[in-house]
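Let's take a friendly walk through a protein model, one region at a time. Have the sequence and the 3D view ready, and follow along as we go.

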Amino acid sequence: MLIAGFPAGAWGTNCYVVAPAAGEECVIIDPGHQAAQGVEETLKKHRLKPVAVVLTHGHIDHVASVVPVCGAHDVPAWIHPRDRYMMSDPEKALGRSIGMPLMGELTVGEPDDVRELTDGARLGLAGLEFTVAHAPGHTKGSVTFQVPEAADVPSVFFSGDLLFAGSIGRTDLPGGSHAEMLESLARVCLPLDDSTLVLSGHGPQTSIGRERATNPYLREVAAGHGAHPAPRRGM
């Protein structure tokens with residue numbers, strides 16, 4: 001499996017391009033602020049053809065480039081229905097203005113083809129299978145994607161802003177809920193195998209085993225206790 005990722009834009013949001021191998025079809029995950037150029041460079045470097053964009057949630061730092069990327073390659077975007085409105089109204093999603101100079105750089109709106117994700121769905125895209133888990137807490141429509149183990153890599157878990165290396169996503173924006181975040185961590189993350197590679201929306205890669213042992217939020221959820229308020233990380 002080929003996974004190429006890079007941090008993009010003002011918020012350093014990780015955008016991923018996933019394919020079975022170089023020279024094949026691929027899926028683009030979370031093309032956020034100023035990600036379009038990085039996407040094109042990655043496609044050219046690995047000779048990849050996109051078939052879809054999939055989105056872990058609707059915040060502008062994860063979807064800002066979805067319109068130009070989908071338009072350039074005539075591919076659909078997949079998003080959970082509870083976050084779909086955020087593509088057209090990013091400021092409402094944040095409960096505040098994100099700044100006129102920044103807004104001037106964005107193409108706000110939906111791509112021509114939008115498809116909705118459901119919990120437990122299995123998407124066969126680019127020769128890979130992406131299992132969707134609805135994981136509210138950061139937003140009402142947050143999801144994660146898991147790709148099964150392949151010959152050369154362990155199972156890969158694209159966690160969006162649910163789980164970070166050493167931390168979790170913030171829950172203080174509209175649609176956020178700390179209680180839902182804890183439930184999602186318990187239901188979605190804890191059952192995963194320790195070897196599962198975690199590629200999150202911000203920061204470095206990690207593993208479920210490492211987070212189970214060291215992440216204070218995941219440890220407290222596993223122990224069945226309450227957790228501290230979520231930190232302000234990401235958007």
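This is a predicted model: local features need pLDDT of at least 70, side-chain atom pairs count only at pLDDT 80 or more; totals for chains, interfaces and linings use all residues.

In it, helix H1 (residues 36-46) packs against helix H3 (residues 66-73) at an angle of about 35°, and their axes are 9 Å apart. On the H1 side, the contact is made by Ala36, Val39, Glu40 and Leu43, while H3 brings in Val69, Ala72 and His73. Sorted by class, this contact of H1 with H3 has five nonpolar residues, one polar and one charged.

## The two faces of H1

Which residues of H1 are buried? They are Gly38, Val39, Thr42, Leu43 and His46. Seen down the axis of H1, these buried residues fall within an arc of 135°, so they line one face of the helix.

Now look at the face of H1 turned away from the buried side: it carries the exposed residues Gln37, Lys44 and Lys45. The cover over the buried residues of H1 includes H3 and the strands E1 (2-8), E2 (13-19), E3 (25-29) and E4 (49-54).

Six strands form an open sheet with mixed pairing, in the order E1-E2-E3-E4-E5-E6. E1 and strand E6 (114-116) stand at the edges with a single partner strand each, so one side of each has no neighbour in the sheet. On average, neighbouring strands of this sheet are turned by 25° against each other, direction ignored.

E4 and E5 run parallel and are joined by two bridges. Where does Val54 find its bridge partner in E5? The partner is Trp78. Helices also pack here: H3 touches E3, E4 and E5 of the sheet, and its direction makes about 150° with that of E4. H1 lies across E1, E2, E3 and E4, running at about 155° to E1.

In soluble globular proteins, nonpolar side chains tend to be buried together. In this model, the largest nonpolar core has 29 residues, and Ile28, Val39, Leu48, Val53, Leu55, Val66 and Met87 touch the most other members. At least two residues of this core come from each of E1, E2, E3, H1, helix H2 (60-63), H3 and strand E5 (77-79). Apart from this core lies another, of 23 residues, among them Tyr16, Ala52, Phe145 and Leu199.

Not counting residues up to four places away in sequence, its contacts include Leu2, Val17, Cys26, Thr42 and Leu43.

Is Ser177 buried or exposed? Its relative accessible area is 17%, and buried means under 20%, so Ser177 is buried. Leaving aside neighbours within four places in sequence, Ser177 is in contact with Gly137 and Thr171.

Met181 lies in helix H6. With a relative accessibility of 1%, Met181 counts as buried too. Beyond its neighbours within four places in sequence, Met181 is in contact with residues including Pro136, Gly137, Leu162, Ile168 and Thr171. Met181 and Ser142 are 39 residues apart along the chain, and their C-alpha atoms are separated by 10.0 Å.

How values were computed. Residues are numbered from 1 along each chain as its sequence is written. Side-chain values use heavy atoms; hydrogens and water are left out. Axes are lines fitted to C-alpha atoms, for helices over the stretch in contact, and angles run from 0 to 180 degrees between N-to-C directions. Helices (H or I, at least four residues) and strands (E, at least two) are DSSP runs, numbered from the N terminus. Contact means heavy atoms within 4.5 Å. Ala, Val, Leu, Ile, Met, Phe, Trp, Tyr, Cys and Pro count as nonpolar, Asp, Glu, Lys and Arg as charged, and the others, Gly among them, as polar. Buried means under 20% relative accessible area, exposed over 50%, partly exposed in between (1.4 Å probe, protein chains only). The arc is that of the directions from the helix axis to the C-beta atoms. A nonpolar core is a set of buried Ala, Val, Leu, Ile, Met, Phe, Trp, Tyr and Cys residues joined through side-chain atoms within 4.5 Å. Two strands pair if DSSP finds at least two bridges between them.
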